[in-house]
Amino acid sequence: MSHATDASGTSPNTLPFHKAVPRLVKDPVNELARMGAAAGGRIVRLHLGPFRPYLVSHPDDVQQVLTTNWSTFLREGMFWRPIRRLTGRGILREGEEWTSTRRILQPLFTARAMASLSEDMAGVIAESVLELDDHARTGRPIDAEDEMTAIINQAVVEVLFGGRISRETAGRLAPEFATCATSFSFRLLFPTVPYSVRVPGDRAFTNATKNIDAIVYPLIEQARREGARDGKADLIAALLAARAEQVGAGDLRLVRDDLVSMYAVATETTATSLTWLWTLLHDHPAVGARLGEEIGDVVGGGPVRPSHVARLPYLGMVLQELLRMYPAGWILPRQAIADAEIGGVRIRAGSQVLISPYVTHRLPEFWDRPLEFDPDRWAGEGAALRHRYAFFPFGAGPHMCLGQHLFNVEAPLVIANLLSRYRPALTNPQRFVPLPGASARPRQRVLLRLTPAGRGGTA
């Protein structure tokens, strides 16, 4: 569907302060999606006091901002300040710092590189899932977010970081990253509030960042003393070697920034999306039953290997639909560094532009029944006929997320291992609301009871 404009379409839909603020305070993620849908994909300007960003959701406009004219719309401005207090000068920056970091990291996260690690990843994930047997025996519920994070963390630290990060250390890191990812919600909604003013979440964010540094710097120092580990992927050693050539071996700050950024990319987004999956399967039991049957037929009772995943087409469709409903990165802010025009709307230099896969993925102009979880929409040739930028769960253009290929290895292995052994059942069904932050994880806990597969449970 093209995005034609005319003289009447040169002004954005405007949402005044008294309407925008109450809605965004109540349920910001879903309200943004409703605003985009109500405007039919046209640009919406949000009047939030002195701050008036543009919500851009039409695929034509998304393509312009993220790809065609990406150098005019940079990852700068007040929306990026909270997260950069954690990630520093690494992959989430712009200019030479971003170019340098991307050049170092991209070869480590290609589809081929991730495929080469898939067997090791499969082994670690299978072992981690086995540890849930005690919950299945006793009927004691698990916290889905905690367990998805723990499983992904263990796979990442053992396979990507050469085993340098112990299970105990990974267990300490995970909650600190979770705190950072969720504690700046207030600043995301009200980015003009000065940092000299303490707001809810500031203290938790600062403490968590300090705790992360207290863990990460000793790991870097240890890796520098020991050198690369033969026969293992070792992201820390690779970062140290690359940065030593650029700035000298004594500057560990950039290595720290790179490591923190990639650890978050490798764990946070996958764990968050997988947490949402169990709420969707609860609401759509037929999908869960079909998925469990496919996995049972292909995998049987043994551990899941990468060769199994290629024979699980319905699982692939479920994952695509999961990423449509709950994309890895729910919001991608940009700042115009020069005057521009998007969808016929004049955008002045310095303006903030909000791109949200969560919003675009729910536009009825491009998705039939957009609020319904329907993996079958990905069957056949229909998916290929959609606008390329109607679906962009990992972003697009030069800043496309490096973690997409890692997700494609991790996520199916986790789901297939869990459903080959258990039939998870949600114990606290309710309306789960996304909490805005680095990712949009559920505001409420997602509690699951695990029944051993084939013993009276239903998927």
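**Reading the features**

Q: Is C401 buried, exposed or partly exposed?

A: Buried means under 20% relative accessible area, exposed over 50%, and partly exposed in between (1.4 Å probe, protein chains only). C401 is partly exposed, with a relative accessible area of 21%. C180, by contrast, is buried at 1%. The model is a predicted one, in which local features need pLDDT of at least 70 and side-chain atom pairs count only at pLDDT 80 or more, while totals for chains, interfaces and linings use all residues. Residues are numbered from 1 along each chain as its sequence is written, and side-chain values use heavy atoms, with hydrogens and water left out.

Q: How many disulfides are there?

A: A disulfide is a pair of cysteine sulfur atoms within 2.5 Å. By this rule the count is zero. C180 takes part in no disulfide, since the nearest cysteine sulfur, that of C401, is 18 Å away. Seen from C401, the closest cysteine sulfur is the one in C180, and 18 Å is too far for a bond.

Q: Which residues touch the most other members of the largest nonpolar core?

A: A nonpolar core is a set of buried Ala, Val, Leu, Ile, Met, Phe, Trp, Tyr and Cys residues joined through side-chain atoms within 4.5 Å. The largest one here has 148 residues, and those touching the most other members are L32, L160, F161, W278, L291, I355 and I415. Helix α14 (residues 253–283) gives the most to this core, with 15 residues; helices are DSSP runs of H or I, at least four residues long, and strands are runs of E, at least two, numbered from the N terminus.

Q: What is the geometry of the aromatic pair of W276 and Y326?

A: Rings of Phe, Tyr and Trp (its six-membered ring) pair if their centres lie within 6.5 Å; planes under 30 degrees apart count as stacked, over 60 as edge-to-face and the rest as tilted. The structure holds nine aromatic pairs. W276 and Y326 are stacked, at 3.9 Å centre to centre with 5 degrees between the planes. This pair links distant parts of the chain: W276 belongs to helix α14, and Y326 to the loop between α17 (313–325) and β6 (332–336), 50 residues apart.

Q: Which aromatic cluster includes Y326?

A: W276, Y326 and Y358 form one aromatic cluster. The ring centres of Y326 and Y358 are 6.1 Å apart and their planes lie at 55 degrees, so the pair is tilted. Y326 counts as buried at 12% relative accessibility, as does Y358 at 1%.
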